[in-house]
Structures are given as structure tokens and as C-alpha cells.
Amino acid sequence: MSSPSAGKRRMDTDIIKLIEKKYEVTMLNGLNEFCVKFYGPKQTPYEGGVWKVRVHLPDHYPFKSPSIGFINKIFHPNIDEVSGTVCLDVINQAWTALYDLSNIFESFLPQLLTYPNPIDPLNGDAAAMYLHKPEEYKKKVADYVRRYATEEALKEHKKTGGKSSHHHNSSSTGGGGGGSSSSKAGGGGSGGQESDDSSSESSLTDFSEDEAQDMEL
């Protein structure tokens with residue numbers, strides 16, 4: 001086996017680190033595209049919810065930031081309800097190679113769900129409700145958790161091949177702030193999520209710790 005590039009080794013290392021921290025990782029398309037199961041932070045309206053977050057690692061990772069997007073629906077000012085695109089400055093603007101994937105799932109996303117930023121929203125309705133009708137906002141979040149973010153909902157989503165109104169476009173983070181001040185466009189196409197999700201999800205294999213060991217050099 002030929003020696004992989006430094007970028008490939010870093011991808012290996014970061015994915016292994018997630019698995020060792022007991023995150024459920026499902027590979028989608030080689031090493032650079034996968035899903036991670038993410039649980040809503042405690043003592044927030046998102047507590048008890050479980051989401052699949054799609055991650056795409058660009059060729060120049062970790063010097064270019066990953067693209068992330070929620071696959072099942074979530075009601076949040078900074079997450080697009082339809083595409084799952086995430087607006088998060090620490091990934092979109094301030095990413096450095098010192099960060100890794102565990103920072104995203106242990107710190108950045110929990111903080112975003114705990115402290116939304118309604119001033120720069122991707123979901124205007126959620127932002128307005130968060131600011132002006134906070135109790136209604138909490139109820140709506142809880143309703144979305146019940147409908148879309150349970151283990152049963154995830155199983156149903158997988159059975160139907162994800163054929164709901166919720167497409168799987170990850171946010172294109174633009175790589176360390178190379179784009180505009182907001183990641184709202186989510187375009188860029190780096191995630192490549194429009195490639196027949198139903199077929200790719202039907203053949204998913206969960207990454208085991210044994211396989212993770214095989215990746216270590």
C-alpha cells in the first residue's frame with residue numbers, strides 16, 4: 001500500500017478520533033464523505049433529539065474547512081430547514097488546521113444549538129420566533145424533535161431513502177473564509193449531495209472500530 005498524503009492521513013486520524021469517542025460514523029463516499037450521529041445538547045429545547053449530520057472533507061482538508069449539513073429536519077435560526085445548510089462562522093470564516101472534526105461535534109454544533117444567532121439567520125421564521133416569541137420557539141423545536149429527530153424517524157428516513165422534502169445539501173463552507181461573510185448560499189457544490197442519495201444510503205456500512213484500526217498506519 002502506497003504512503004498516503006498528509007491530507008489523507010489527517011482525514012484518517014480525525015475520523016478515527018470520532019469513532020474512538022463513540023460517535024456513530026457512517027461512510028458514504030470514500031473517506032471524505034460520511035454521516036455522524038449527533039445528539040441535541042442537554043438543557044436546551046433540542047435535548048432528546050438525534051440528527052444525522054453529513055460531512056464532506058475537501059481535498060485540502062484540514063487547511064480548507066469541511067462542509068456540514070443536517071440530513072433530518074431541525075428548526076433553528078442558523079440552519080436552513082429545507083437543505084440542512086449550517087451558518088456557523090467558526091467553520092465558515094475562522095476555520096484553521098488546528099481544529100478537527102471532534103471540535104465540530106463536541107463544541108461548535110452544541111454551542112450553535114444552545115446559543116442561536118438570530119441576527120444572521122438562514123431560517124428567518126425561526127429567528128423571528130426565537131427573538132419575539134421564545135416560548136413558541138421552544139414548542140416548535142420540540143415538535144420538530146418529535147417528528148423528525150428520533151431514532152424511529154431516522155430509521156423511517158433511511159427506509160424511504162430520504163425521499164422527503166428535506167434534501168441533503170451540506171453547507172459549502174468556502175474554506176477558511178474565502179467567500180462572503182455569510183455561508184448562506186451553501187452552494188459551491190463541494191458536498192456533491194445531489195448524487196442519488198437513495199442509492200448511496202441503501203448501501204451504507206457503519207464504520208467499525210476494527211476497520212478504524214486498519215486505517216491506522
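This is a short talk about one predicted model, going from the whole chain down to a few residues.

Okay, hi everyone. Let's start with the overall picture. The chain has 217 residues, and buried ones make up 50% of them. For secondary structure, we have nine helices and five strands. If you walk along from the N terminus, the order is α-β-β-β-β-α-α-α-α-α-α-α-β-α. And here's a number about how the chain folds back on itself: take the contacts between residues at least 6 apart in sequence, and 64% of those join residues at least 24 apart.

Now, let's zoom in on two helices. Two packed helices are described by the angle between their axes and the distance between the axes. So how do helix 4 and helix 5 pack? Helix 4 covers residues 124–132 and helix 5 covers residues 134–148; the angle is about 130°, and the axes are 5 Å apart. That angle makes helix 4 oblique to helix 5. Who makes the contact? On the helix 4 side you'll find Ala 126, Met 129, Tyr 130, Leu 131 and His 132, while helix 5 brings Pro 134, Glu 136, Tyr 137 and Lys 140. Sort those residues by type and you get six nonpolar, one polar and two charged.

Next up, aromatic rings. There are twelve aromatic pairs in the structure. Take Tyr 130 and Tyr 137: their ring centres are 5.0 Å apart and their planes sit at 75°, so we call the pair edge-to-face, since anything over 60 degrees counts that way. Are these two tyrosines buried or exposed? Tyr 130 is partly exposed, at 27% relative accessible area, but Tyr 137 is buried, at 3%.

Elsewhere, ring pairs tie Tyr 23, Phe 38, Tyr 46, Trp 51, Phe 70 and Phe 105 together into a cluster. And there's a charge over a ring too: the charged end of Arg 147 sits over Tyr 144, 5.8 Å from the ring centre.

Last stop, Gly 40. Look for Gly 40 in the loop between strand 2 (33–39) and strand 3 (50–56). This glycine is buried, with a relative accessible area of 11%, and the cut-off for buried is under 20%. What does Gly 40 touch, leaving aside neighbours within four places in sequence? The answer is Tyr 46, Glu 47, Gly 48, Gly 49 and Trp 51. Tyr 46 and Trp 51 also belong to that ring cluster. Finally, Gly 40 and Thr 114 are 74 residues apart in sequence, with their C-alpha atoms 9.1 Å apart in space.

That's it from me, thanks!

Notes
Residues numbered from 1 in each chain as written. Predicted model: local features only at pLDDT ≥ 70, side-chain atom pairs only at ≥ 80, totals over all residues. Heavy atoms only, no water. Phe/Tyr/Trp six-rings, centres within 6.5 Å; stacked < 30°, edge-to-face > 60°. Buried < 20%, exposed > 50% of the residue type's maximum accessible area, 1.4 Å probe, protein only. Lys NZ or Arg CZ within 6 Å of the ring centre and 35° of its normal. Axes fitted to C-alpha atoms, helices over the stretch in contact; angles between N-to-C directions. Helix = DSSP H or I, 4+ residues; strand = E, 2+ residues; numbered from the N terminus. Parallel < 35°, antiparallel > 145°, perpendicular 65-115°, else oblique. Contact = heavy atoms within 4.5 Å. Nonpolar A, V, L, I, M, F, W, Y, C, P; charged D, E, K, R; others polar.
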